[in-house]
Amino acid sequence: MKNDRACSVRSGFPASCAVLAVLILLRDGMRLPVGRPLLLLAVLIPLLFFRAEETWLFCVFLLPLYPGLPGNYITLLLIGKLIFLAYREPARYRVSRETAAAVLLFSLYIEIQNLALGELSVYSFALGAELLLLLLLASDGVRPPVDAVASVFSFSVLLSGTAALLVFAGEHSFQEIFSGAVRFGDAYETDGMHMTLDPNFLGFSCLAGIAANAELLRHGACLSKKAEASALCTKKAVLLFHIAALFFFGVIGLSRTFLLCAGGLAALELAACAKEPRLFFRCVIFLFAFCTGAAAAAAMLAPDLAEVLIGRFSAADLAGANGRAELIFRWYEEFTSSFRTLFFGVGLFRTNVHMTALQYLFGLGLVGSCLAAAAFVRLLRVIGFRAVPQGSIPAVVLSVMSCAVPAACSLSALFPLIFSFSVSAGLEGRLKTAEASAF
């Protein structure tokens with residue numbers, strides 16, 4: 001994953017994504033009986049023929065859809081495919097022994113803790129397999145270009161949001177949803193497997209997509225030559241569409257953290273443009289037009305939604321971070337109640353503190369959280385991420401939002417953060433390549 005090169009994707013990849021998208025929308029929008037076997041076939045058949053680049057992108061497409069798919073089975077299929085690719089192309093799939101050992105020890109620690117605490121559900125044990133999947137993805141030494149990855153991720157998040165909206169509209173009217181009378185995603189009463197999304201996790205994914213597209217938009221303006229400007233118009237239009245559509249789904253989830261982090265993202269992007277007055281002026285104009293258009297659309301189509309959003313920032317509603325501070329104090333007391341819990345944790349799948357890092361600390365203890373930190377630091381090195389200003393905005397913004405969501409217990413929940421670090425690493429490499437070619 002260290003080298004970024006042109007991606008060779010055949011027409012079968014978008015067709016496979018389209019087929020799976022149609023099946024999900026037929027199930028959740030039209031209530032047709034699309035069962036688990038058919039969904040698994042829609043994943044398995046293309047996997048049999050996908051090459052390494054297409055498999056990598058397919059993983060990016062599938063992970064945001066896990067809440068509405070048989071994710072545990074799909075994880076096994078993806079692991080099997082990646083192991084086959086690693087066996088067939090050993091020069092491409094390389095990872096240091098230290099990284100493999102760190103990830104496997106972390107995974108083993110989680111499984112031992114589950115057994116010791118009696119957490120015997122499939123969900124609890126699935127994280128170990130998902131960490132293996134993450135290790136295999138990171139070991140790919142040639143990843144697709146960041147543009148393709150961001151596009152696939154954005155489409156997947158929009159698909160998941162659309163499917164969840166259709167499911168939720170089966171219980172509540174669109175008028176109730178868009179007026180803020182009910183919070184989109186808060187409760188589901190449907191039977192069977194459907195796309196069910198927590199509004200905070202939806203906002204987490206939307207923010208990751210917005211940050212990636214915003215960075216690509218800004219870097220495209222910085223790196224493109226005048227001769228290439230006309231060819232980039234379509235790409236820029238797609239990026240703008242993704243930003244607007246992802247912002248829509250983030251807003252209707254009524255997530256305050258999403259709105260605050262989106263504002264922080266805008267401020268960071270403006271600061272990054274400050275050195276180039278012309279680009280800074282264009283960014284200010286774009287943000288002004290975007291905010292004006294969003295406000296006008298909300299006023300015409302969902303006038304009550306704006307009032308609800310403003311109400312969620314009232315002093316009474318913000319007191320104690322809407323219960324998050326109480327959860328932190330409660331689990332801190334549990335964490336420090338004995339030497340056993342201090343060093344080995346209260347159980348990762350028992351904590352519901354709304355802060356990913358504290359979930360690892362309180363849930364796994366000092367020993368387990370050190371293993372988690374070692375595993376993730378090693379993985380970040382493998383994908384090429386470095387803590388430098390260039391291209392790091394997505395990683396910074398998503399790290400901040402991870403402090404308000406409990407995303408530690410599954411790869412699909414944590415994936416927006418991992419995706420953002422991958423995007424930042426890809427953007428950094430892209431900038432270095434552009435700078436080198438300029439001399």
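Predicted model: local features only at pLDDT ≥ 70, side-chain atom pairs only at ≥ 80, totals over all residues.
Reader: How many residues apart in sequence are the parts that the pair of Arg 92 and Glu 53 ties together?

Author: Arg 92 sits in the loop between helix H4 (71–88) and helix H5 (97–117), while Glu 53 belongs to helix H3, so the pair joins parts whose separation in sequence is 39 residues.

Reader: Which residues are linked in a network of salt bridges with Arg 92?

Author: Arg 92 and Glu 53 are both buried. The network of salt bridges that includes Arg 92 also contains Glu 53 and Asp 140.

Reader: Why is helix H3 described as largely enclosed by the rest of the structure?

Author: Residues count as buried under 20% relative accessible area. Among the buried residues of H3 are Glu 53, Trp 56 and Phe 61. Helix H3 (residues 52–62) is largely enclosed because its buried residues number 11 of 11.

Reader: Are Glu 215 and Arg 218 buried or exposed?

Author: The side chains of Glu 215 and Arg 218 meet in a salt bridge at 2.7 Å, N to O. Because they are three residues apart in helix H9, about one helical turn separates them. Glu 215 has a relative accessible area of 0%, and Arg 218 has 11%. Both values fall under the 20% cut-off, so Glu 215 and Arg 218 are buried.

Reader: Which helix gives the largest share of the lining of the largest pocket?

Author: The largest pocket holds about 1,300 Å³ of space. Two or more lining residues come from each of helix H9 (199–223), helix H10 (233–252), helix H11 (256–273), helix H12 (277–301) and helix H13 (303–311). The largest share, 13 residues, belongs to H12.

Reader: How many nonpolar residues does the lining of the largest pocket have?

Author: The lining comprises 40 residues, and those nearest the pocket centre are Phe 247, Leu 287, Phe 290, Cys 291 and Ala 294. By class, two lining residues are polar, four are charged and 34 are nonpolar.

Reader: What is the accessible area of the nonpolar surface patch that includes Ile 45?

Author: Ile 45 lies in helix H2 (residues 36–49) and is partly exposed, at a relative accessible area of 45%. This exceeds the 30% cut-off for membership of a patch. With Leu 38, Leu 41, Leu 44, Leu 48 and Phe 49, Ile 45 forms a nonpolar patch on the surface, and their accessible area together is about 580 Å².

Reader: How far apart in space are Ile 112 and Phe 125, C-alpha to C-alpha?

Author: Ile 112 is found in helix H5 and is partly exposed, with a relative accessible area of 49%. In sequence, Ile 112 and Phe 125 are 13 residues apart; in space, their C-alpha to C-alpha distance is 9.7 Å.

Notes
Residues numbered from 1 in each chain as written. Heavy atoms only, no water. Patch = residues over 30% accessible without salt bridge, like charges linked within 9 Å, V, L, I, M, F, W, Y side chains within 5 Å. Areas by Shrake-Rupley, 256 points an atom, 1.4 Å probe, with all protein chains shown as cover. Salt bridge = Lys/Arg side-chain N within 4 Å of Asp/Glu carboxyl O. Helix = DSSP H or I, 4+ residues; strand = E, 2+ residues; numbered from the N terminus. Buried < 20%, exposed > 50% of the residue type's maximum accessible area, 1.4 Å probe, protein only. 1 Å grid on protein atoms, 1.4 Å probe; cavity = no way out; pocket = protein on both sides within 12 Å on 5 of 7 lines; lining within 4 Å. Points joined across faces, edges and corners; volume = space filled by probe spheres on them. Nonpolar A, V, L, I, M, F, W, Y, C, P; charged D, E, K, R; others polar.
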